[in-house]
Amino acid sequence: MNMQSVLKSNFQFEMKPNIKLKTKPQGFVYILGAKSANQRKSELKKIVELHLSETPNSKPIDFEKKTVSFSGKNGPVWILQNFQINKGTHKGLLDESVYALFRDQSGLLVSQFKNQQIDNIEIIFNNCPEIIMRASLIGLEMASYNFLNSFNNTSTKKSIVSLITQNKSAKLDKAQIEKYQLEAKAVILARHLVNLPPNEINPESIEKIIKNELNFPKSLKIDIWDHKKLAAENMNLHLAVGKGSDTPPRMIHIKYRPQKKIAGKKAKKPIAFVGKGITFDTGGLDIKPSSGMRLMKKDMGGAAAVLALAYWAAHSNYSRSCDFYLALAENSVDAKSMRPSDLYRSRAGYLVEIDNTDAEGRLVLADVMDVAATKKGADEPEIIIDIATLTGAIKVALGTEVAGLFTNNDQLAEQIQVAGQSAGEPNWRMPLVQKYFSSMSSNFADFKNSAEGFGSAITASLFLEKFCHGKKWAHLDVYCWNDKPTGALSFAGGSGQPVQSMIELLKGI
């Protein structure tokens, strides 16, 4: 698994001072930042006059589309417009953002470049604020990811992209381009890890990827807890999940501390991210039906997202301390597998009865959350955020694109929802109905790991809340999969959810 092929750009970006029409056919992409309809029409007219000898009569150009396209005398032309986004209800938290609009519009162009064999493109930003330029370049990078090319380490010819800015205020330079590429690479990393087959990806191979292939700076501290260390730490829930696998479970802790301190500002306490990393989930002895098992390589989507965030933070010199925890195990069927009615004592001291072996994600998260929550001194976290493909119930409630958000803090809820809307990865706050916890009561333990009946996304979250030790805590129940190509996600597979929204959160928190 050569991750370098995953993390390299498929574009060579160059800054150019102005547009140059060449006799050799090439592609032209105009990105219009103007919101005014009159200003857009004026700019569209100039573009058409530049690229067409005369306006074609046979096929009129429809200027009312978000993306206008036509064949010009020097190659195909695409024009991306900044149409006013319709504002909905819900305080705008489910509205499409400007970032999402241009990310997905630009991402959709990549397949057209390939189909028309265009590898020399000029992108002209016309009166675009920074957010539109950022979204457009991230969309291009995201859409250029191809699993087979990366998996087979197949080298592809880089497309030459000339970037031309015709903006009054916002500027674009090499350093900014590299920042945008890094954000896209983080999303692609999460997508690729989820797409890898379960015969290639497991707790051991993820450890090797982290140690050998992600070029983390030496200042970053990586701590690996193998099954012996997990046993010594009484992480019996985590161990129980991995008992049936030939590959023992692991916890990987990536400790990030910024090298540069911000002058005059007191360092904030760290943010701890905990990712569910079930590299394949059979359901255990409560085995899933075959139709429900086919996509279970994606059950480590939470850990993939957390690792991608660590990659972004380390390579962007993010300004705040963070801890990234991967709770890794494979839930397999074997004579050694945990059984319904087994009892295991958690690291936090709770005695837990196994009600359902397919409710395994919360078990690995519980023990690892306890590790994060009990750090002391400068390492004590202010906030704990766990990310997990935890329940099918949340997909039934919210669909595949909207993450379920559970939290014990109203301010944190608002920050995460605003970040999700801005990044085009919406999430919706769900209730933590405390009385529902009684449905997990047990005659033989402090509580069970699952409950019968309705509200299973809520009861799963209530289970996790027991292990945050009263810290500010949020749980994101995510799907992490794209069932069909949409926008900048150019084919079905791992989606990278919720990497973009968590980057947006970190930038503002």
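Is I201 buried or exposed? I201 is buried, because its relative accessible area is 1%; buried means under 20% relative accessible area, exposed over 50%, and partly exposed in between (1.4 Å probe, protein chains only). I201 sits in the loop between α5 (174-195) and α6 (203-212). Helices (H or I, at least four residues) and strands (E, at least two) are DSSP runs, numbered from the N terminus. F324 lies 123 residues from I201 along the chain, and their C-alpha atoms are separated by 19 Å.

The model is predicted: local features need pLDDT of at least 70, side-chain atom pairs count only at pLDDT 80 or more, and totals for chains, interfaces and linings use all residues. Residues are numbered from 1 along each chain as its sequence is written, and side-chain values use heavy atoms, with hydrogens and water left out.

Pockets and cavities were located on a 1 Å grid over the protein atoms alone. A cavity is a set of points where a 1.4 Å probe fits but cannot get out. A pocket is an open set with protein on both sides within 12 Å along at least five of seven lines. Lining residues have an atom within 4 Å of a point. Grid points are joined across faces, edges and corners, and a volume is the space filled by probe spheres set on the points.

The volume of the largest pocket is about 640 Å³. Its lining comprises 34 residues, of which K288, L390, T391, G392 and A393 are the closest to the centre. Two or more lining residues come from each of β9 (271-281), α9 (290-293), α11 (361-373), α12 (392-398) and α14 (456-465). The largest share, 4 residues, is from α12. By class, the lining of the largest pocket holds 11 nonpolar, 13 polar and 10 charged residues. Here Ala, Val, Leu, Ile, Met, Phe, Trp, Tyr, Cys and Pro count as nonpolar, Asp, Glu, Lys and Arg as charged, and the others, Gly among them, as polar.

The structure has 2 cavities of 30 Å³ or more. At least two of the lining residues are supplied by each of β2 (27-32), α2 (98-115) and α3 (130-144). The lining divides into 5 nonpolar and 2 polar residues, with no charged ones.

There are 28 salt bridges in the structure, each defined as a side-chain nitrogen of Lys or Arg within 4 Å of a carboxyl oxygen of Asp or Glu. One of them joins R134 and E183, at 2.9 Å from N to O. This pair links distant parts of the chain, with R134 in helix α3 and E183 in helix α5, 49 residues apart. R134 is buried at 8% relative accessibility, and E183 is buried at 7%.

A salt bridge also connects E360 and K276, whose closest N and O atoms are 3.4 Å apart. E360 is in the loop between β12 (351-353) and α11, and K276 is in strand β9, 84 residues away in the chain. Both E360 and K276 are buried.

The side chains of K471 and E380 form a further salt bridge (3.3 Å, N to O). K471 lies in the loop between α14 and β17 (472-477) and E380 in the loop between α11 and β13 (383-388), so the pair ties together parts 91 residues apart in sequence. K471 counts as buried at 15% relative accessibility, whereas E380 is partly exposed at 23%. Salt bridges with shared partners join R134, E183, E504 and K507 into one network.

Backbone geometry was also examined. The peptide bond from Q497 to P498 is cis, with omega near -5 degrees. P498 is in the loop between β19 (493-494) and α15 (499-508). N127, a residue other than glycine, has a positive phi near 55 degrees. N127 belongs to the loop between β5 (120-126) and α3, and is partly exposed at 23% relative accessibility. C480 also has a positive phi, near 65 degrees. C480 falls in the loop between β17 and β18 (481-482) and is buried at 1% relative accessibility.
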